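Subject: Structure handover

Hello,

Here is the structure you asked for. My notes follow below it.

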Amino acid sequence: MQFKLVRYFTLASIGMFGLVAISLVYFEHQQGAFFKQTEEQQAAFFGEVQQSFARQQDESARRDLLTIHESGNVNLTRLFANALWARDFAPFVARAQAIDIHPCRAIADVDAGGKTVAPPEKKACFADVGKRIMALPGFDDIDAKVYDAMKKSTVFKIKVFDLRGVTIYSSEHEQIGDDKSANAGWRAAAHDGTPKSELTHRDTFSAFEGVVENRDLISSYLPVLEPGSSRVVGVFEVYSDVTPFLKQIEATSAQIRATALDNQAKVDAAARTNLAEVDAASNRQLATVAVLLSLLFVALLVIVRRADRIIRQQEKERQHSHQQLAQTEKMASLGQMVAGVAHQLNTPLAFSQNNVLMVKDALDSMVFPMKVANRMSSVLKTTTGDVVTLKVAQLRSNLARLEDGDVDVDMLQQMLGDVLEGIEQMSEMVVNLRDFTRLDRASVASADLNKSLHTVAYIAKSVIPHDILVVEEFHPLPEVECNASQLNQVFLNLINNAAQAIDGSGRITLRTEADGEQVRIEVEDTGRGIPPEVLPHIFDLYFTTKPAGQGTGLGLAIARDIVTQHGGEIRVDTRLGAGTTFIITLPIRQRAALAEAA
Ligand SMILES: Nc1ncnc2c1ncn2[C@@H]1O[C@H](COP(=O)(O)OP(=O)(O)OP(=O)(O)O)[C@@H](O)[C@H]1O
Ligand SMILES: [Mg+2]
């Protein structure tokens, strides 16, 4: 099959370019996805950072609020203590401490769902202590003073504990008597002398001003130091209202969060714009690559088409010169053959001519007897009676002349028979020649290769020395689809080569055999054989070991071309000094291959 360069290039390069394009699109897509992911990660990170800032700001504002209020409360306590402790609270605390709370503390706490709580009787016991404290003299006075001191301040509630942890005073009277000795805030203040505060939110809260709702409060446990010393003499618990401050903090936080969200939106928008730009850039890049690839393809296509044209042209020229070589070779072998045929025809032609001349002479001498016979026949026809009168003298002289030209008719017949045989020989030669030449016209057809080989052998014999015996060992062959004219040329060359390889006498055996879907043709000779150094070259164009004028070195090269074009093969088997066999195998059916080659 002919190699279609342009089609092959087109398909292969379109395939390759497609692959490159797919890879590029894939990588661009990957890159885009990576960029998008990075942008998203960055935006998320930025968001987190902003959130964290907002959170930190919120937390630190609350912490600062707590610290500021706590220190304010510490000062407040100090002022309060300086103002009220020594004169009002100290004697009252001393009186309250005289109330024995041991019976209440002796009541064991109970376990309620994993939490240790005071049982109702214990609470009742301390409530009773509270009542007794409130019944102490000076309570109302203290209560009034505390109320006066705290009203209109941010302090919502105040409690005072003694060093046992008992609530000596609370602006909420029900809490008086409560035991807070287990409270961590009280402990820190009472034992370590350090204030402890926490921010709480209360839905409802009982304050000086009455019950208030939804309040953020800071509760601080504050040690009460004896004025002029650092001795802790009691503990205050102060609840201050920080709702407006917290609201402000929350408003600021909300503002920061809103700014953060706004920033986030800006970052997202910038990311989207970047992404769109990157996408557009990669699309532009892809389009540029596509255009470049297309240009490359077109340029290569132009080059390949030109190369293809040149290759075709060269192929045509090669075929043309090959045809010319084949023609030359054919003419050379035909020339040899014609010389042989002429020689073959010469002998029968010569003796036929000779015999015909002799018969013609013999026929000349038969003219007179024929005349006599004619004369006698006419005399007999004109005579009516039974008696014929002959002029004896004249008759005698005629008879004498008849005896003189005595003609041997048998010999004449023999000679004509020889002539006929000669003509038959010549006609056989002519028939074979006609067969040989007629096949020249046909291109691809079914042929009887036994007959072809026989014809070629017959004609070849005319140029082969008589000492060489040509033996035909033909087996039945199916009709083979082939160019019989070309195969004849191959056979003739093999037989000629065989004959030329035999010195003196020898034998050439032509063998044919069917072999499945193939036929095998062998030309075996008893010649010199082929030397090993010559063997690799015998199928080369122009390789010959024969003297100039005898061999062109084309025979086997062309033979191999022809056999290969038939889809067959030719090989050689040789033994130096013993002989050579050329073996050709041909497929029975290969019209398509040959038709293409033709
Ligand atoms: N039967 C054979 N026995 C020995 N040598 C052979 C035989 N056939 C071919 N050769 C060798 O192969 C060479 C090439 O053969 P080929 O038929 O190609 O060319 P050629 O016979 O030399 O010339 P051409 O056939 O063109 O007249 C011959 O010169 C000869 O040396
Ligand atoms: Mg030859």
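**Helix pairs**

The crossing of α10 and α11 is right-handed. (A crossing counts as right-handed if the near helix is turned clockwise from the far one by less than a right angle, and as left-handed if anticlockwise.) Helices (H or I, at least four residues) and strands (E, at least two) are DSSP runs, numbered from the N terminus.

Before going on, note that this is a predicted model: local features need pLDDT of at least 70, side-chain atom pairs count only at pLDDT 80 or more, and totals for chains, interfaces and linings use all residues. Residues are numbered from 1 along each chain as its sequence is written, while chains are lettered from A and ligands numbered from 1 in the order in which they are written.

Back to the pair. The axes of α10 and α11 come within 9 Å and cross at roughly 45°. (Axes are lines fitted to C-alpha atoms, for helices over the stretch in contact; angles run from 0 to 180 degrees between N-to-C directions.) The two helices, α10 and α11, are therefore oblique to each other. (Angles under 35 degrees count as roughly parallel, over 145 as roughly antiparallel, 65 to 115 as roughly perpendicular, and the rest as oblique.)

Which residues meet? From α10 come Leu449, Ser452, Leu453, Val456, Ala457 and Ala460; from α11 come Ala484, Leu487, Asn488, Phe491, Leu492, Ile495 and Asn496. (Contact requires C-beta atoms, placed from the backbone, within 7 Å.) The residues of this contact between α10 and α11 divide into 10 nonpolar, 3 polar and no charged. (Ala, Val, Leu, Ile, Met, Phe, Trp, Tyr, Cys and Pro count as nonpolar; Asp, Glu, Lys and Arg as charged; the others, Gly among them, as polar.)

A second pair is α1 (residues 5-97) with α6 (residues 243-364). Their axes come within 9 Å and cross at roughly 170°. That makes α1 roughly antiparallel to α6. The residues of the contact of α1 with α6 divide into 32 nonpolar, 15 polar and 10 charged.

How many strands form it, and in what order? There are 5, running β9-β11-β12-β14-β13 in an open sheet with mixed pairing. (Two strands pair if DSSP finds at least two bridges between them.) The edge strands are β9 (468-473) and β13 (569-575), and each pairs on one side only. Neighbouring strands of this sheet are turned by 15° against each other on average, direction ignored.

Strands β11 (residues 506-515) and β12 (residues 518-525) run antiparallel, joined by 8 bridges. Glu513 stands opposite Arg520 in β12.

**Around ligand 1**

What surrounds ligand 1? The shell holds 23 residues, and the closest are Ala501, Thr544, Gly551, Gly555 and Leu556. (A residue is near a molecule if its C-beta atom, placed from the backbone, lies within 6 Å of it.) Helices α11 (484-501) and α12 (555-565) each supply at least two residues of that shell. The largest share, 4 residues, comes from α11. By type, the shell around ligand 1 has 9 nonpolar, 10 polar and 4 charged residues.

**The antiparallel sheet**

Another open sheet has 5 strands in the order β4-β3-β7-β6-β5, with antiparallel pairing. The edges are β4 (167-170) and β5, each pairing on one side only. Neighbouring strands of this sheet are turned by 25° against each other on average, direction ignored.

Here are the pairings:

- β3 (residues 155-161) and β4 are joined by 3 bridges. Val160 has Tyr169 in β4 as its bridge partner. Their hairpin has 5 residues between the strands, and Gly165 takes a positive phi near 95°.
- β5 (residues 196-207) and β6 (residues 210-225) are joined by 11 bridges. His201 stands opposite Asp216 in β6. The hairpin from β5 to β6 passes through 2 residues.
- β6 and β7 (residues 232-241) are joined by 9 bridges. Leu222 has Phe236 in β7 as its bridge partner. Their hairpin has 6 residues between the strands, and Gly228 takes a positive phi near 85°.

Helix α5 (residues 184-192) packs on this sheet, touching β3, β5, β6 and β7. The direction of α5 makes about 30° with that of β6.

Best wishes

Definitions and conventions. Contact = placed C-beta atoms within 7 Å.
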